[in-house]
Amino acid sequence: MFSTADHDFMARALRLARRGLYSTTPNPRVGCVIVKDGAVVGEGWHQRAGEAHAEIHALQAAGEAARGASVYVSLEPCSHHGRTPPCAEALIRAGVARVVAAMQDPNPQVAGQGLAILADAGIIAECGLLEAEAGELNVGFVSRMSRGRPWVRLKLASSLDGKTALRNGASQWITGAEARQDGHRWRARACAILSGIGTVRDDDPQLNVRGVATSRQPLKVVVDSRLELSQEARVFMGGSLLLASAQEAAPRVDLLRRSGAEVVCLPGAQGKVDLAELLNELGRRGINEVHVEAGARLNGALLHAGLVDEVLLYMAPCLIGDQARGLFDIPELETLEDKHRLAIRDVRLVGRDLRVIARLEK
């Protein structure tokens, strides 16, 4: 169905889309290439929400050469009026002859309508070229549109024997500088960084992106059931901060809000925060990807609740011992059949540390 040239041009569109990896949220990352007589006449990518989409940038670059051309776009052209006009209509006005989309837009406001509009206008409209690659690029957007909640990625750093800190809590630094820098690149692509009050109290992290060129900082989210966060904590330094509480303690809430935090009350069982409802709330706020950097308790709670999608694990070539702290605090399993199964997606060295990317099998 698709030629070698089709594959090459779509691969180029996907490379363009990756340029928006850190900047397009809550929108998807999209690239577009316009080709006429075998040559690229225009290309572009979506850079920031509220600004022109990839197709518009490519059409502007192509000008009159777009008439009769083929368009390769990594996501189905939009068909609705949002913060920008529909791209499908712009392509029709430009007189293109063919549009190839890598994947259908999971947004219910589009969901095939963009391609249908193009076909109704007499344009050859095709879909499914490098679909898996396009889906991976926008795994968080697909999650939010299809499930109503973000993609949850747990970032973990441990010794080779699976320990994250000494018994006394000392953990800086188990992994090397290269692994920590790589972790910041994963932070940068996320829409929110999630942690728990224990980690914030013990490590006093900033929960921001450092050493990576990015035009925005992710939302900081702290699970703090009893509103114990100190006003002196470094998470208040720059960027937006959301506290998820299980109680509405009015004086304490007012104090934290005056310090710059937004507080939402999401009570769950046993006085804890309802983590599923927290993710739903983040989905409603347009959060596509959540990057979790927390301790064993919150990691375990998310895992036990079935809310983890992906694990990003850095393992240092060292051994700490059985008395040190582990990765997950979860209920004891009665049988190995109850184990949480993972599908390993990627394994590589980052500096001297081993990086493993795996996904939960559900």
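**Figure 1. The cavity of the predicted model.** The count comes to one cavity of 30 Å³ or more in this predicted model. Rolling a probe the size of a water molecule over the atoms shows where empty space is left. The volume of the largest cavity is about 50 Å³. Which residues line the largest cavity? The lining consists of Thr 24, Thr 25, Asn 27, Pro 28, Arg 29, Leu 137, Asn 138, Gly 140, Phe 141, Cys 191, Asn 288 and Glu 289. Sorted by class, four of the lining residues are nonpolar, six are polar and two are charged.

**Figure 2. The cis peptide bond between Thr 25 and Pro 26**. Thr 25 and Pro 26 are joined by a cis peptide bond, with omega at about 5°. Pro 26 sits in the loop between helix H1 (4-17) and E1. Thr 25 also belongs to the lining of the largest cavity.

**Figure 3. The open sheet of five strands**. Strands of a sheet pair through backbone hydrogen bonds, either parallel or antiparallel. Here the strand order is E2-E1-E3-E4-E5, and the pairing is mixed. Strand E2 (39-45) and strand E5 (124-127) are the edge strands, and each pairs on one side only. With direction ignored, neighbouring strands of this sheet are turned by 15° against each other on average. Within the sheet, strand E3 (residues 70-73) and strand E4 (residues 98-101) are parallel and share four bridges. One of the residue pairs is Ser 70 with Arg 98, its bridge partner in E4.

**Figure 4. Val 33 in strand E1**. Strand E1 covers residues 31-36, and Val 33 is part of it. Is Val 33 buried or exposed? Val 33 has a relative accessible area of 0%, so Val 33 is buried. Leu 14 is 19 residues away from Val 33 in sequence, and the two C-alpha atoms are 9.4 Å apart in space.

**Figure 5. The open sheet of nine strands**. The order of the strands is E10-E9-E8-E7-E11-E6-E12-E14-E13, with mixed pairing. Strand E10 (261-265) and strand E13 (342-350) stand at the edges; each has a single partner strand, so one side of each has no neighbour in the sheet. From one strand to the next, the twist averages 20°.

**Figure 6. Strand E11 and the strands that pair with it**. Strand E7 (residues 192-196) runs parallel to strand E11 (residues 289-292), and three bridges connect them. Ala 192 has Val 290 as its bridge partner in E11, while Leu 194 stands opposite Val 292. Strand E6 (residues 151-159) is also parallel to E11, with four bridges between them. In this pairing, Leu 154 has Val 292 as its bridge partner. Which residues cover the two faces of E11? Glu 289 and His 291 lie on one side, Val 290 and Val 292 lie on the other, and all are buried.

**Figure 7. Lys 155 in strand E6**. Lys 155 belongs to strand E6. Its relative accessibility is 16%; buried means under 20%, so Lys 155 counts as buried. Lys 155 and His 291 are 136 residues apart in sequence, but their C-alpha atoms are 6.8 Å apart in space.

**Figure 8. Strand E8 beside strand E7**. E7 and E8 run parallel and are joined by five bridges. How many residues of strand E8 (residues 219-223) are buried? Five of its five residues are buried. Leu 219, Val 221 and Val 223 are on one side, and Lys 220 and Val 222 are on the other.

Figure 9. Leu 130 lies in the loop between E5 and helix H5 (131-137), and at 19% relative accessibility it counts as buried. At 3% relative accessibility, Leu 227 counts as buried.

**Figure 10. Helix H7 and its buried residues**. Helix H7 (residues 177-189) has 13 residues; at 1.5 Å a residue it should span 18 Å, and its end C-alpha atoms are 19 Å apart, which agrees. The buried residues of H7 are Ala 179, Asp 182, Gly 183, His 184, Trp 186, Arg 187, Ala 188 and Arg 189.

Key
Residues numbered from 1 in each chain as written. Predicted model: local features only at pLDDT ≥ 70, side-chain atom pairs only at ≥ 80, totals over all residues. Heavy atoms only, no water. Expected span 1.5 Å × (residues − 1). Buried < 20%, exposed > 50% of the residue type's maximum accessible area, 1.4 Å probe, protein only. 1 Å grid on protein atoms, 1.4 Å probe; cavity = no way out; pocket = protein on both sides within 12 Å on 5 of 7 lines; lining within 4 Å. Points joined across faces, edges and corners; volume = space filled by probe spheres on them. Nonpolar A, V, L, I, M, F, W, Y, C, P; charged D, E, K, R; others polar. Pairing = 2+ DSSP bridges. Axes fitted to C-alpha atoms, helices over the stretch in contact; angles between N-to-C directions.
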